[in-house]
Each structure stands twice: as structure tokens, then as C-alpha cells.
Amino acid sequence: MSSKDWIEKDFYAVLGVDKAASADDIKKAYRKIARESHPDHNPGDSKAEERFKAASEAHHVLSDSNRRREYDEMRSLFGSGAFRRNARGGGQPGGMPFDVSDMFGGGGGDRRFGGAGFQDLFSSIFSGGQAGGPAAPRGPARGRDVETEVALDFGDAVRGVTLPLTLRAPGVCDTCHGNGAKPGTQPRTCPVCHGAGVTNRNQGSFSFSEPCRNCQGVGTVVEEKCPECHGSGGVTKTRTMNVRFPAGVADGQRIRLAGRGEPGERGGPAGDLFVHVKVRPDELFGRTGDDLTLTVPVTFAEAVLGTDLRVPTLDGAVTLRVPPGTPSGRVLRARGKGVARREGQVGDLLVTLDVVVPARLSDEARAALEAFAEQSPPAAREHLDARVRRVS
């Protein structure tokens, strides 16, 4: 959770308690909301899920006395007018322009405030960069992440497969190789920020750091722009890459390909590519974790007398022994015939037996069944018969 969340979110209002509420009151309020809005009790209700997440986030902060005290201090500081939010997401300390995003750059330090301690956090704001030192060079911005979706056959998802993936998305310009300059020329160091990408601006007794307006924070300027990308370093192009889907990839899983997303502007690092996997259902097999599932119909006689069943797997067939007197719904296990993962773990094939009751019988079959019924022992219903006699 970032310190920006602490500033913008009223955790007391989320839980419906007063700021002076006791720890027990906070706990009771959270439990009430959690019971009412838990996703297990509200399947498919996105509003309930968001309320549950918000309550959990609020309880995480307010249930800890140290976190609660620091949260109250930060909210008090911002609520007192020391920082006033404007429409762009910044603020105005003491009436002077201020970008609140400067607070959340992070660094080594206390994780409770986006990577910086409370003292370092505010000294960073007013010194124009890292506490006690000059602003760090910004450089070209990282490219955006790209998302796409791929549908896999059931068998390919279980075994693993490598498929070509074609994307039409921003890519590095082949003419300038991403630096945005006309071939034969090079970007030069920005004369305003001298390559730092940021400039310092004094406001009274304070010094503020902001992205250099001359180079847009990149640190370099392009005097002669590339005719293909017009100085951006990227163009929209069709890319084809081979993507390896590991064995056992599940429906809904997301695979991250680092550095295969949109390239950064003017040579900046590329974003990531996220591939969302959709697995097509199989006509025979289902899946539960690393186990495959299969339903096999058997006759009444096979269930009573027992039999050997030859059932398919994804890579062949196996024989399973059905013991005499097997009831409908019994599950037989074929070990090692499920989903194999890279860690060496292999699931099983779970075969559910479904005793089929014929809707129609020939005269001979009916006569044989009636003879069987006369000779077979009755079903164990004594406990039911006793209850029937008591209520009759």
C-alpha cells in the first residue's frame, strides 16, 4: 500500500467508525463487513468484492497501533491545508505549485511510505530529489505493458506447447533504432537540465524538482527527428514471437514476458507482455488442479459382478479394475495419468463410475431382473422404516 493511498482514502469511513473508535470497535466493524461482503457469500457480485477488499485494506492499517498513528498524522497534515489537492493530482503547499507524485518515487527506507521514511519522504519533497542530495537523472520513460489473450486446446495446456504469437502493437523504429533521431545524427544532451531530466525551481525558502520541460524528462533532445517515427523512437508494427506455455498452464492464468511489451520512448526500456490464457474445454476430460477427471458409464451387471474397464488418457489408455458390488459414483484413481508440471509433480486421472439404469427392458431382461430381485437381499432400510412407523 502506498502513502498516496493513505492520503486519499478515509479508512474510518470505509469501516463506518469514528476516528476515536477503539480497537474492538474497529475489529467488530471489519468483521461485520467481511461477513456481509465476502466473495464466497456473494459470487459474481463485483461491488461486494470491492467493499470486502476496501474493508480489509482499512483494517490492515487501523488494527495496528503504529500504522494507525502514522496514518492519522499523515491525514492530519494533509487535511489541515498544508497540502491541497488540485485537479491534476498535485497540491499546493502554502499556495505554491506542487506535484504530490514527487512523494511516491520510493527509495531505500521505510516501506510504509512508498519506500521512504516519514522524515526522508518530506525532505525529498523540499530538496528536489533524494533526501540530502541532488535529483537523480530520470532518463527515457519505460514503455507501457501490453496484454493479449490466447486460447489453448485442453491437451496443449496439459502437456505444454510453444505457439507463434502475432501482435500489432508499438515496436522499436527500425530506421532510428529507437533513439528518435534522423539516421546519421544523434540526440544531444539537453542544455537546460544537462542530461538529468529534471530541473530545480526555487519558491521562497523551498526548492522543488520537476521534469525538464525542454526535453520532457528524457535528458536528451532530438534536433533532426527520424522521418519514420517523428522522434518518438517507436512505430506501430506487426510482431511475431514464439511463446512457450508450460505444462499444466491453467485457464485464467497470466504469463509475463519481461521486456516484450511496448518499447520506451526514445530508447527507454520496454514494458512487459502479459498473455492471458483461455483453455478450451475437452469433450471427455475435466480438470481439478493437477488431476484430470473422467466419467465412465457402467451397466448394472458390471457394477454388481465387477469388470475390467479400458479407459482413455491424454497419452494412451489404461485398464482399471471395477470391484464387485461397486456403487454408482465411486471414484477410481489412475496414478500418474494427470497433469505433469516442471517441478516433477504429476497428478492422477480420477474416473467416476456412473451406473446406467436402462429406461426400457426386453421381456427376457425383465424376467431375469425380477428373478434376481427375488433372490437378492433387501436394501438396508431398517432405520428409515423405523422412522416411518413412528410418524405414521
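Me: What share of the contacts in the protein chain with a separation of 6 or more comes from residues 24 or more positions apart?

Reply: A contact means heavy atoms within 4.5 Å. Here, residues 24 or more positions apart account for 61% of the contacts with a separation of 6 or more. Keep in mind that this is a predicted model, where local features need pLDDT of at least 70 and side-chain atom pairs count only at pLDDT 80 or more, while totals for chains, interfaces and linings use all residues. Residues are numbered from 1 along each chain as its sequence is written, and side-chain values use heavy atoms, with hydrogens and water left out.

Me: Let's take a helix. Which residues of α4 are buried?

Reply: An α-helix has 3.6 residues a turn, so residues three or four places apart point the same way. In α4, which covers residues 46-62, the buried ones are A48, F52, A55, A58, H59, V61 and L62.

Me: What span should α4 have, and how far apart are its end C-alpha atoms?

Reply: The expected span is 1.5 Å times one less than the number of residues. For the 17 residues of α4 that comes to 24 Å, and the end C-alpha atoms are 24 Å apart, so the two agree.

Me: And which residue caps the N-terminal end of α4?

Reply: That's D45, with a side-chain oxygen 3.1 Å from the backbone nitrogen of K47.

Me: How many salt bridges are there?

Reply: A salt bridge is a side-chain nitrogen of Lys or Arg within 4 Å of a carboxyl oxygen of Asp or Glu. By that rule you get 14. Some sit within one helix: E49 and K53 meet at 3.5 Å, N to O, and they are four residues apart in α4, so about one helical turn separates them. E49 is partly exposed at 32%, and K53 is partly exposed at 44%.

Me: Which salt bridge links distant parts of the chain?

Reply: Look at E57 and K9, whose closest N and O atoms are 3.0 Å apart. E57 belongs to α4, whereas K9 sits in the loop between α1 (3-8) and α2 (11-15), 48 residues away. There's also a network of salt bridges linking R142, D145, R256 and D272.

Me: In what order do the four strands of the open sheet come?

Reply: Two strands pair if DSSP finds at least two bridges between them. The order is β10-β11-β15-β14, with mixed pairing. β10 (286-288) and β14 (331-334) stand at the edges with a single partner strand each, so one side of each has no neighbour in the sheet. Inside, β11 (residues 291-298) and β15 (residues 349-355) pair in the parallel sense over seven bridges, and P297 stands opposite D354.

Me: Where does D348 lie, and is it buried or exposed?

Reply: D348 lies in the loop between β14 and β15, and it is buried, with a relative accessible area of 10%. A polar contact is a pair of N or O atoms within 3.5 Å; within protein, one must be able to donate a hydrogen and the other to accept it, and residues adjacent in sequence count only if both atoms are side-chain atoms. The side chain of D348 makes one with the side chain of R333 at 2.8 Å, and reaches the backbone nitrogen of G336 at 2.9 Å. Leaving aside residues up to four places away in sequence, D348 also touches others, including D290, D291 and L292.

Definitions and conventions: Helices (H or I, at least four residues) and strands (E, at least two) are DSSP runs, numbered from the N terminus. Buried means under 20% relative accessible area, exposed over 50%, partly exposed in between (1.4 Å probe, protein chains only).
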